[in-house]
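Please open the model in a viewer and keep the selection tool at hand. The stops below are meant to be visited in order.

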Amino acid sequence: MLAIKPPNYKHCPFCGKRLNIKTEEGEKRKFCNSCNWTYYPHVAGAVGAVIAKKGKVLMVQRKREPYKGTWMFPAGFIDYGEHPKETLEREVKEETGLRLVKAELIDVLQSEDDYRSLGHFCFFYRVEVKNGEIKTDEEENSDIKWFDLKKLPKIGWKGHQVMMRRLLGEKN
Ligand SMILES: [Zn+2]
């Protein structure tokens with residue numbers, strides 16, 4: 001359990017009126033009288049793609065904050081309505097230019113260091129891709145590279161560091 005607070009919204013997202021407070025089952029909830037809408041805070045989801053073969057791993061370099069300039073597994077937030085596997089297929093294509101062949105869920109980690117979306121869940125998959133030329137989304141990333149597992153770059157996100165340590169613990 002992370003000790004984090006949800007966004008402190010003050011206005012109703014539907015009508016723009018100031019939110020009131022009501023108590024529901026002992027919890028204080030924000031509430032819009034006009035819309036009869038109660039705000040139940042929820043967390044977001046993301047996916048990360050661990051793409052490794054023959055002692056090498058495919059990483060992208062962040063072009064933006066947080067952790068600008070550090071490296072990470074290709075990853076991204078789940079769009080509304082997407083299943084994590086669909087996000088994975090989309091993100092792998094967008095960020096690496098490669099087509100996903102096979103994916104297997106490794107673990108779900110809870111992000112502790114992303115102020116844009118506190119506490120979001122990241123579904124990490126081990127991904128096999130079709131061979132091809134790598135090309136990244138240049139709006140999001142400044143570079144993409146296959147790294148030797150013995151010579152890795154600086155990784156920013158804590159969850160990605162965890163996944164890299166796990167990958168290094170396997171035989172590749
Ligand atoms: Zn309202």
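Predicted model: local features only at pLDDT ≥ 70, side-chain atom pairs only at ≥ 80, totals over all residues.

Residues are numbered from 1 along each chain as its sequence is written.

Select residues 45–50, strand S4. Strands are DSSP runs of E, at least two residues long, numbered from the N terminus. In S4, 5 of the 6 residues are buried, so the strand is largely enclosed by the rest of the structure. Buried means 20 or more other C-beta atoms within 10 Å of the residue's own, exposed means 12 or fewer, and C-beta atoms are placed from the backbone.

Two strands pair if DSSP finds at least two bridges between them. Now pick Gly48: its bridge partner in S10 is Phe124, and in S8 Ala75 stands opposite Gly48.

Next, the loops. Most residues other than glycine have a negative phi, and most peptide bonds are trans. Select Asn36, between S2 (27–32) and S3 (37–39); its phi is near 55°, and with 7 C-beta neighbours inside 10 Å Asn36 counts as exposed. Lys54, in the loop between S5 (52–53) and S6, has phi near 50°.

Finish at Pro66, in the loop between S6 (56–62) and S7 (71–72). The peptide bond from Glu65 to Pro66 is cis, with omega near -5°.

Technical notes:
Helix = DSSP H or I, 4+ residues; strand = E, 2+ residues; numbered from the N terminus.
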